[in-house]
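Hello,

Here is the structure I promised to pass on to you.

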Amino acid sequence: MSDSQLVDWRNHALNLESEVNQVVVGQHGPIRLITTAIFARGHVLLEGDVGVGKTTLLRAFTRGIGGGYQRIEGTIDLMPNDLVYHTYLGEDGKPHVSPGPLLMSGENLSVFFFNEINRARPQVHSLLLRVMAERSLSAFNAEHYFPHMIVFADRNQVEKEETFEIPSAARDRFMMEIPIVVPNDDDIMQALVFDTKFHNVDALVETVKPDILQFDELNAFSSIIQNNIEASDTLKRYALNLWKATKNPLDYGVKVSGVDMNRLVLAGASPRGMSMMLRAARVNAWLNGRTAVLPDDIHAVFHATIAHRLVFSPVYEMRRTEIAREMLTGIINAVAAP
Amino acid sequence: MLQRLILTFLLSCVAPYCLALDSQTLPDVKAGIVHMTTKDPDKRVGYSIGDIVEREVILTIKAPYKLIETSLPIVGYEKRYRGKPIGVDLQAIAHSKQEYKDYTTHKIKLNYQIFVSTVVAKNIALGPEYLNLINTQDKKDIVKYRIPILNVSTSPLAIFGQVKVENNMSPFLPPPLLSAEKEYVRLKIALGILTLSLLALVYIVGQRAWLPRMGGRFATAYRAIKKLPDDDAGIKQAISNLHLAFNQTAGIAIFNDNLEDFLKQHPDFLPLKTEIQQFFGLSRQIYFEPDAVHGAGDAPMPWLLHFVRRCRDCERGLLPSPVMGGV
């Protein structure tokens, strides 16, 4: 693929971002990260309160990239088979079986949104994680493939009752965890409340130009990005130092206020996590019109790709978001390149 | 030579006669003929039986007078006062002379030994000694010269009865002092080491700089970059040194994405904002992205050297020097 094609795709990607930014206002950071995840072909964990626009955001993206969009709500009685099929009594009085959300769009499934994933049981997590890892599912004596699927899962960090925390091994399958917070700009807040165009989500999503990207070409193009965006030796050393710092932050002089750093980290970032970070950094470099990854590209995705992978001592888990943010900021400040 | 032989002959003739003379009955030598200096011991008190007192007498005798050497004090002669021995013997005598055309110099070293033990401190006189001189031009002209006495005090070996120390203290001399020369040398060495240590301490406390502003991050980087060669490795090292200076100045690692924060916190560097951005562009090209474009010119090393000097000026709170033409 020529450089001009890379530029063309970049223009499409920026166009998609622009379209979504008009629908979901005040979320430039998360929108850039989701765009990055789409082109890096990584699954995303969304973190945020209810009603902040997560669903709208995903529907807007799905409309822009095309393909099928499916959504399921996590509940305590949700079972794995509920993702695959559901049964009902038809008008003829006979039992019928219909495809569940995973199978409904077939291979054209491009976005699967699992709302409040931490309300579902570990069995459901298990199935979903297999689908995320292998993008395939065995059901009805057949193997079903979802080559273009990206999973977006949401978890409510505030409510902890009747929830099942996602284990670290499961969190590690997600490329990013993106916080979605209410914009604090007064004009945006006022528009969200008083501008009637934000009241009808269906109509709002319809305003996004459809099929800006071709969902079934994203996998191939993602490989091209990864192969064309260079990473210098200096950058590799820098990434390696960042990785080591997530394991032994004290070695790099990183401290978090009110935390015993000797006890804080049980496990740093995983090799899979670091490779996902670099995939995302390459996409970020491409989105910024660069031919090689810079430390700035890593910084742009560092929190989103690493924070949820860190395993802390249980005593610090309740403050995980705050501690992870401070620790990772400390690491970026402490590790120099070159 | 002939004169010397005649003089020797004359002296040998008069010597027995001289010995027979009583020196004290001879007339005194005229003033100005003999000049005498003595080297007396510092210690004048506290002698006891067996002690030796050394005295050196240097006589300068003008011609035509010569010393009759047989008149020198005789070893073993017991000193007497009014016929009674006073307990002082001449234990040894050393005599040397140096003859010149107009005068002769005699060095006479006299060792007196104390042979008296008293129960209280007591003065004792060493001498006087009488020397005879002969006029070599008139052999009948024989005169005497008196070496004055030397007073010292003897002390008892043991104190008997109650003694008031104050009464026994000598008013003449302080107690002899110990030699402190070695201690002075040691003191000087210690002061030297102390001075060097203080200088080293100042150097260390001053962050390895002799002058207050010499140890700045960019000043250090400037000195290091000046020594680097103008090749790829040198340019890489220079950029690395500059990054280190930025990081140390900010206290955190500085990248493009937090450059604005750095400038807000260090407004002294604001005049160099464009050049700092160019530097980061150059760093990006050298270390990360060979195709990257920067505005640092085609000769990176001179540009870096000038840039670090301007950064050093900013660091010192000075207005940076204007941009050099052609760099």
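To begin with the terms for the sheet: strands (E, at least two residues) and helices (H or I, at least four residues) are DSSP runs numbered from the N terminus, and two strands pair if DSSP finds at least two bridges between them. This is a predicted model, in which local features need pLDDT of at least 70 and side-chain atom pairs count only at pLDDT 80 or more, while totals for chains, interfaces and linings use all residues. Residues are numbered from 1 along each chain as its sequence is written, and chains are lettered from A and ligands numbered from 1 in the order in which they are written.

Now the sheet itself. In chain B, three strands make an open, antiparallel sheet in the order S3-S8-S9. Its edge strands are S3 and S9 of chain B, each pairing on one side only. From one strand to the next, the twist averages 35° (axes are lines fitted to C-alpha atoms, for helices over the stretch in contact, and angles run from 0 to 180 degrees between N-to-C directions).

S3(B), residues 65–67, pairs with S8(B) over three bridges, and Tyr65(B) stands opposite Asn135(B) in S8(B). On S9(B), residues 138–147, S8(B) has a partner over seven bridges; there, Leu133(B) is bridged to Val143(B). Two residues lie between S8(B) and S9(B), which form a hairpin.

Next, the cores: a nonpolar core is a set of buried Ala, Val, Leu, Ile, Met, Phe, Trp, Tyr and Cys residues joined through C-beta atoms within 7 Å. The largest has 127 residues, and Ala37(A), Val44(A), Met176(A) and Ala280(A) have the most contacts inside it. Helix H13 of chain A (residues 271–287) gives the most to this core, eight residues. Apart from that core lies another of 25 residues, including Tyr65(B) and Ile114(B).

Finally, the two chains touch through 16 residues of chain A and 14 of chain B (contact means C-beta atoms, placed from the backbone, within 7 Å). On the chain B side, H5(B) provides the largest share, four residues.

Best wishes

Key: A residue is buried if 20 or more other C-beta atoms lie within 10 Å of its own, exposed if 12 or fewer, and partly exposed in between; C-beta atoms are placed from the backbone.
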